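User: I've got a model open and I'd like to learn how to read it feature by feature. Can you walk me through it?

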Amino acid sequence: MLLRLLWVSVAAASALAAPASGQRRGAGQAPNVVLVVSDSFDGRLTFHPGSQVLKLPFINFMKKHGTSFLNAYTNSPICCPSRAAMWSGLFTHLTESWNNFKGLDPNYTTWMDIMEKHGYRTQKFGKLDYTSGHHSLSNRVEAWTRDVAFLLRQEGRPMVNLIANKTKVRVMEKDWKATDRAIDWLRREAVNHTDPFILYLGLNLPHPYPSPSSGENFGASTFRTSLYWLEKVYHDAIKIPKWLPLSEMHPVDYYSSYTKNCTGKFTEKEIRNIRAFYYAMCAEADAMLGEIILALAQLDLLQKTIVLYTSDHGELAMEHRQFYKMSMYEASVHVPLLIMGPGIQANLQVPDVVSLVDLYPTMLEIAGLPLPQNLSGYSLLPLSSETPRNNGRCKPLRPPWILSEFHGCNVNASTYMLRTNQWKYIAYADGVAVLPQLFDLFSDPDELTNVATKFPEITSSLDQKLRSIINYPRVSASVHQYNKEQFIWWKQSIGQNYSDVIANLRWHQDWLKKPRKYERAIDRWLKPTATQKPLKQN
C-alpha cells in the first residue's frame with residue numbers, strides 16, 4: 001500500500017501540475033467527473049484534530065492537491081433523505097423525503113441525468129439509495145410510530161467484531177467489488193471515448209454492519225474490521241467522549257439513546273473499541289478512494305478529471321451516548337467534502353458552511369450548464385476554483401447558514417438545525433412542545449452545554465431566521481399526518497396478521513414483554529381527531 005501511495009503521489013502530482021484546458025465550455029471541452037460517496041463518514045476526521053487519530057493517505061492526498069471544506073454538512077442525517085437532497089439539490093422538506101423508505105421518485109431528473117443529456121457518458125456503481133421503496137419494514141414502522149407514547153429498544157447493542165484473518169484487506173467485499181467494477185469501467189470504457197464522463201461510486205463503509213442477533217428484522221450495530229485496518233488507527237489518540245447523566249439529557253436525545261440500545265452500562269474499553277473499529281472502517285473506505293485515484297493516474301485521466309469525495313452523513317460512534325446518525329450533533333451531521341482536479345485550488349481549506357445540496361449546482365457548473373432557479377444549493381466552484389467561474393450561471397451570494405432536518409426513526413420529533421459560523425440552533429416539532437437547543441461551537445465544540453436559555457436573544461434571532469427559511473411547525477404537522485396515514489394503510493394491508501407482524505420487528509425483545517400494552521398505545525395514537533384529513537397512500 002505504501003509503494004502504491006508513493007507511486008500515485010508522484011504520478012498524480014505531475015498530472016495535476018500539467019496545464020488544464022481551463023475555461024470551457026461546451027460539453028466536449030468539459031472535464032471528466034468522479035464522485036465517490038461513503039456512508040457514515042464523520043467529516044471531522046478529514047482535518048485537525050480529528051485527522052490525528054488514523055491514517056487516511058488518500059483523503060490527505062486530495063487535501064494536498066485540492067480543496068477541502070471544513071464545515072460541510074448533510075441536509076438530513078440518514079441515508080435516503082440525505083441522498084435525495086444530494087441528487088435533487090433540494091432541501092428535505094421540498095423533496096418530502098421523510099424517512100429511509102420515502103425518497104425521490106425513480107424517474108426524478110437528477111444532475112447526472114442533465115449532464116448525460118448534454119453529452120456526458122455516465123455510470124453508477126455501488127450504493128445509491130435516493131429513491132423510494134428501500135430499507136426494512138422495521139425502519140418504516142419505527143419512523144411512522146415515533147409519536148406513539150411508548151419507549152422500545154429498536155437496535156442491537158453496539159458491538160465490535162474482529163475477523164479471524166489478521167491480514168485481510170478486503171473486509172467489506174461488496175464495496176471492493178463495486179470499486180473493482182468502477183475501475184474496470186474506467187479501463188474499458190472511459191479511456192476509449194472522447195466525450196467527457198461522470199462516474200459515481202457509492203460505498204457502504206464505514207456504516208456499521210448488520211447484527212442478525214437482533215432478530216429477523218435486524219439492524220446494523222456491529223463495527224467490523226481486521227487487524228490490518230486497526231493498525232491504521234492511533235489508539236492513544238482516541239478520545240473517549242463525555243456523556244451527560246441520563247437525567248440531564250435533552251428528552252429527544254434520551255429517546256434516541258434508548259431506542260438505539262445505548263442507555264445501559266458501557267465500559268471505557270467498550271467505547272474505545274467501538275471508536276477504534278469505526279476508525280479502521282474509515283481507513284478501509286479511504287483505501288477504496290485511493291484505488292480510484294490510482295486508476296485515474298495510471299490511465300492518464302487524472303489531469304482531465306475533477307474528483308469529489310463526500311458522505312451522506314456521519315457516525316456518532318458513542319458520542320452523546322449514541323451510535324448511528326439521526327442526530328444534529330457534529331459527529332452525525334458533519335461530512336467530508338473534498339474536490340481536486342483541473343481548475344481547483346490546491347491545498348486550500350474553506351471555512352464557509354456548505355451542504356450536500358450544493359453538489360447539484362456544482363456538477364452543472366463543472367459541465368458549463370445553466371442552473372435551475374429553484375435549487376436550494378449553491379455551486380462550490382466559486383469557493384474552490386483557481387479563477388472565478390460565475391459567468392451568471394450560479395446564484396451570486398451564498399448565505400452564511402446551512403439547513404439540516406430529520407423526520408425519521410429513533411427520534412420522536414421532527415428536528416431542524418440551522419448552522420451558522422459560531423452557532424448551532426436546533427428546533428423541534430412545532431417549536432413549543434419540545435425545548436430548543438443552542439450550542440456555541442467556538443467555545444463548546446463537543447456540544448455538551450445547551451445555552452438556549454442563557455442567550456435568549458440569539459435563540460430568538462436564529463429561530464426567526466429558521467422560520468424564514470422553512471415553516472417548520474407546518475412541516476412537522478405534515479410529517480405527523482403522513483406517519484399516521486402510512487401506518488393505517490400498512491395495518492389495513494396486512495389484516496389479521498397485524499399483531500404477529502408488529503410484535504416481531506426490531507423492537508421484538510421489548511414488545512413481546514407487554515404486547516397488548518403497546519398495541520393499545522398505538523390505538524390511542526390512531527384515534528381520529530377533528531382535524532384529521534382523508535387517508536392516502538404515498
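User: How much space lies in the largest pocket?

Analyst: About 720 Å³. Before going on: this is a predicted model, where local features need pLDDT of at least 70, side-chain atom pairs count only at pLDDT 80 or more, and totals for chains, interfaces and linings use all residues. Residues are numbered from 1 along each chain as its sequence is written, and side-chain values use heavy atoms, with hydrogens and water left out. As for the term, a pocket is an open set of points on a 1 Å grid over the protein atoms alone, where a 1.4 Å probe fits, with protein on both sides within 12 Å along at least five of seven lines. Grid points are joined across faces, edges and corners, and the volume is the space filled by probe spheres set on them.

User: Which residues lie nearest the centre of the largest pocket?

Analyst: Lining residues have an atom within 4 Å of a grid point. Here there are 35, and Arg 44, Pro 49, Gly 50, Lys 239 and Asp 446 lie nearest the centre. The lining divides into 18 nonpolar, 7 polar and 10 charged residues. Strand β2 (66–73) and helix α10 (268–298) each supply at least two lining residues. Helices (H or I, at least four residues) and strands (E, at least two) are DSSP runs, numbered from the N terminus.

User: How many disulfides does a search of the whole structure find?

Analyst: In general, a disulfide is a covalent bond between the sulfur atoms of two cysteines. The cut-off is a pair of cysteine sulfur atoms within 2.5 Å, and the search finds 0. For Cys 282, the nearest cysteine sulfur, that of Cys 79, is 14 Å away. The sulfur of Cys 409 is 9.8 Å from its closest partner, also in Cys 79, so that is too far for a bond.

User: Is Cys 282 buried or exposed?

Analyst: Buried means under 20% relative accessible area, exposed over 50%, and partly exposed in between (1.4 Å probe, protein chains only). Cys 282 is buried at 0%, and Cys 409 is buried at 1%.

User: How many residues of helix α3 are buried?

Analyst: Think of a helix in turns: an α-helix has 3.6 residues a turn, so residues three or four places apart point the same way. In α3 (residues 79–88), 10 of 10 residues are buried, including Cys 79, Arg 83 and Trp 87. What covers them includes β1 (32–38), β5 (197–202) and α12 (359–366). Gly 89 follows α3 with a positive phi, near 75 degrees.

User: Which residues touch the most other members of the largest nonpolar core?

Analyst: A nonpolar core is a set of buried Ala, Val, Leu, Ile, Met, Phe, Trp, Tyr and Cys residues joined through side-chain atoms within 4.5 Å. Of the 89 residues in this one, they are Leu 45, Leu 54, Leu 186, Phe 197 and Leu 296. Helix α10 gives the most, with 19 residues. A second, separate core of 40 residues includes Val 141, Ala 427, Tyr 518 and Leu 526.

User: With which residues is Phe 197 in contact, leaving aside its neighbours within four places in sequence?

Analyst: Contact means heavy atoms within 4.5 Å. Among the partners of Phe 197 are Val 33, Tyr 120, Trp 185, Leu 186 and Leu 296.

How values were computed
Nonpolar A, V, L, I, M, F, W, Y, C, P; charged D, E, K, R; others polar.
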